[in-house]
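The following note concerns charged side chains and their surroundings. Please read the points alongside the sequence and coordinates.

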Amino acid sequence: MNRKLTAYLDAVEGYTNSITRAILNNEVNYVIAMEDDEGPFTRFIPLPSPQTAGTETQKQAYARMKAQEIVEDMKIWNPHLDYDTILQNL
């Protein structure tokens, strides 16, 4: 696998793992520090409640599924998950 694709997949996996942990810990928001033309700002992403019934495996699978959905939405506005941006910076 090439270096650029690996960097992109690592970024996606990193966000997915971090958001999964936040959901499992019943956090209300996931916070991302970002920067645009006007300077730095903080973006708050609302998180779903964790699954309360089922086995631990089911709870983790639910949290990961929801995290993957959030990361897919993040790809639209987060330059750290924009494949073209990653290609330019490497």
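1. A salt bridge is taken here as a side-chain nitrogen of Lys or Arg within 4 Å of a carboxyl oxygen of Asp or Glu. By this rule the count comes to 4 salt bridges. The model is predicted, so local features need pLDDT of at least 70 and side-chain atom pairs pLDDT 80 or more, whereas totals for chains, interfaces and linings use all residues. Residues are numbered from 1 along each chain as its sequence is written, and side-chain values use heavy atoms, without hydrogens and water.

2. Arg64 pairs with Glu13 in a salt bridge whose closest N and O atoms are 2.8 Å apart. This pair links distant parts of the chain, 51 residues apart: Arg64 lies in helix 2 (residues 56-77) and Glu13 in helix 1 (residues 3-24); helices are DSSP runs of H or I with at least four residues, strands runs of E with at least two, numbered from the N terminus.

3. Lys59 counts as buried because its relative accessibility is 19%, where buried means under 20% relative accessible area, exposed over 50% and partly exposed in between (1.4 Å probe, protein chains only).

4. Glu35 lies in strand 1 (residues 29-36) and counts as exposed because its relative accessibility is 62%.
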